[in-house]
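User: I am new to this structure and would like to learn how to read it. Please take me through it one feature at a time.

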Amino acid sequence: MSAHTLSIVGAVFAFVTLGACTENANGAKTERSSAERVAAALDVCGEDGGEFAQRVCENTSLAALDSQVRQTLVAESASISDAGTTLLIQNQNRWREAARVTCGIIDAEAQPDQDQQRCLEAAFRARAQDAQTAVQEVGGYTFQRMELVDATPVTAEVASAMGGSAPVAVERDIRFPRIDGPQTAEIRRFNELVAQQPQFQLGDATNENVNYSIAYAGQELISVKFIISADSIAAANATNTVKAVTVVMSDGGRLLTEADVFRAASGWQDFITDRAVARIAREFPDYTNFPPRRDVYETATKPHLWLITEQGLVLMFPPLSFGGSHADGGIEVTIPWTDLRPYLNPAAPAPIRAAV
C-alpha cells in the first residue's frame with residue numbers, strides 16, 4: 001500500500017473513530033485511561049509502536065524529546081475520558097509518522113542522516129510545546145484538540161518539474177476542537193458542526209492547514225474561529241481564508257443565525273456595514289473611496305463570518321473580501337455590544353443578551 005493510500009485510510013479512520021467515540025462514549029474516565037496506561041500506550045519503546053517508533057527509541061536524542069511529549073500528554077489526559085484518551089493517543093502516533101515523512105525519511109526502518117536528525121529534533125521540540133494545549137478548559141467545557149496530520153513524499157514528477165526547489169513532502173495539518181465528557185445531544189451536535197475534513201488529497205500536491213481558537217464558550221453559545229490555508233506546491237499558488245462556527249448550545253446545538261443576534265427590520269445591516277467601512281478606511285487611508293461599500297455589506301452581514309466574544313461582535317473580512325491586492329492580509333472589525341444595543345434581539349443567547 002502506498003504512502004498516499006495510507007494517508008487517506010488514516011484520514012477516514014480518524015473520522016470513523018471520532019464518530020464512534022462521539023456517539024457511543026458516556027464521557028467516563030476509568031482505569032483504561034489511567035496515567036500508567038496512557039504512558040505505556042505513548043511509549044515509543046513499546047511493542048506496538050511501529051518501525052519508526054523503534055528507530056526513535058534507539059535514538060538517544062529523539063527518545064528524550066519524545067519522552068517530553070509523552071509526559072505532557074499524560075498530564076493532559078488526566079482531565080479527559082476514555083474516548084478522549086483513545087483519540088489523544090491516536091493523534092500523537094499519527095503525528096509522529098507524519099513528522100518522519102516531512103523530514104524526508106521515507107523508509108520507516110532507516111536511520112536519519114544529519115539533516116533529517118536536525119529536522120526531527122526541531123519537530124519534536126515544537127510538538128512538546130504544542131502538546132501543552134492538547135486539552136483546554138474553557139467556559140465549563142473540556143475541549144480536546146483533534147488533529148488530522150498526514151504527509152506523503154513529493155512525487156518524482158512534481159520534483160522534476162520544480163527542479164531543486166521542490167519540498168520533501170506534501171503536508172496536511174487540520175485541527176478542530178472536540179468537547180469531551182458526557183455526550184449530550186447538544187455536545188454531539190457541536191462536535192459534528194466543528195469537525196473539519198480535508199479538501200484536498202495528498203496526491204494533489206497541496207499543503208493544507210486548518211487551525212482554530214475558541215472566541216467564546218458559555219452555557220448558551222460557543223464561537224470558534226478557523227484559519228484555513230492551502231498551498232499548491234506545483235502551481236506555487238496559496239489561498240488563505242477564515243470562517244466562524246458559532247453554535248447555540250441552548251437550542252439543541254444549532255448554527256447561529258442573524259435572527260439570534262439582531263431584531264428584524266432594525267436596520268442592523270446598514271449600521272454594522274457603516275462601522276466596518278469606517279474602520280477599514282482608517283486602515284487603508286491612501287486609497288480614495290475605499291473600501292467598496294457593497295463588498296463590505298456582503299461580507300459583514302454573513303453569520304459564518306461573525307465571531308461572538310464577551311466584548312462584542314467581531315466581523316471577519318477574509319483576504320480579498322473587499323477587493324484589491326493591498327487587502328491580502330484581511331482584517332477584523334469589532335463592534336462592542338453596547339454600541340449594538342438598539343439593534344439586538346432581547347432573547348439573544350448570552351453573552352449577547354447581557355448588552356440588551
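**Reading the helices, the cores and the chain**

Analyst: Start with a helix: 17 of the 21 residues of α5 are buried, so α5 is largely enclosed by the rest of the structure. Buried means under 20% relative accessible area, exposed over 50% and partly exposed in between (1.4 Å probe, protein chains only). Helices (H or I, at least four residues) and strands (E, at least two) are DSSP runs, numbered from the N terminus. This is a predicted model: local features need pLDDT of at least 70, side-chain atom pairs count only at pLDDT 80 or more, and totals for chains, interfaces and linings use all residues. Residues are numbered from 1 along each chain as its sequence is written, and side-chain values use heavy atoms, with hydrogens and water left out.

User: What span does α5 reach from its first C-alpha to its last?

Analyst: The expected span of a helix is 1.5 Å times one less than its number of residues. With 21 residues, α5 reaches 30 Å, close to the 30 Å expected. Just after α5, Gly104 has a positive phi of about 90°.

User: Which residues are buried in helix α3?

Analyst: In α3 (residues 51-58) they are Phe52, Ala53, Arg55 and Val56. Seen down the axis, the buried residues of α3 fall within an arc of 155° (taken from the directions from the helix axis to the C-beta atoms), so they line one face of the helix. Their cover includes α4 (60-76), α5 (82-102) and α6 (114-130).

User: How many residues has the largest nonpolar core?

Analyst: A nonpolar core is a set of buried Ala, Val, Leu, Ile, Met, Phe, Trp, Tyr and Cys residues joined through side-chain atoms within 4.5 Å. The largest has 31 residues, and Phe262, Ile272, Leu315 and Phe317 have the most contacts inside it. Helix α10 gives the most to this core, with 5 residues. Not counting residues up to four places away in sequence, Ile272 touches Phe262, Ala300, Thr301, Trp306, Leu315, Ile335 and Leu340; contact means heavy atoms within 4.5 Å. A second, separate core of 22 residues includes Met146, Ile179, Ile187 and Val224.

User: Where does Gly252 lie?

Analyst: Gly252 is in the loop between β6 (237-248) and β7 (254-255). Gly252 is partly exposed, at a relative accessible area of 41%. Leaving aside neighbours within four places in sequence, Gly252 is in contact with Glu186 and Arg189.

User: How many helices and strands are there in the protein chain?

Analyst: The protein chain has 12 helices and 10 strands. Of its 356 residues, 47% count as buried.
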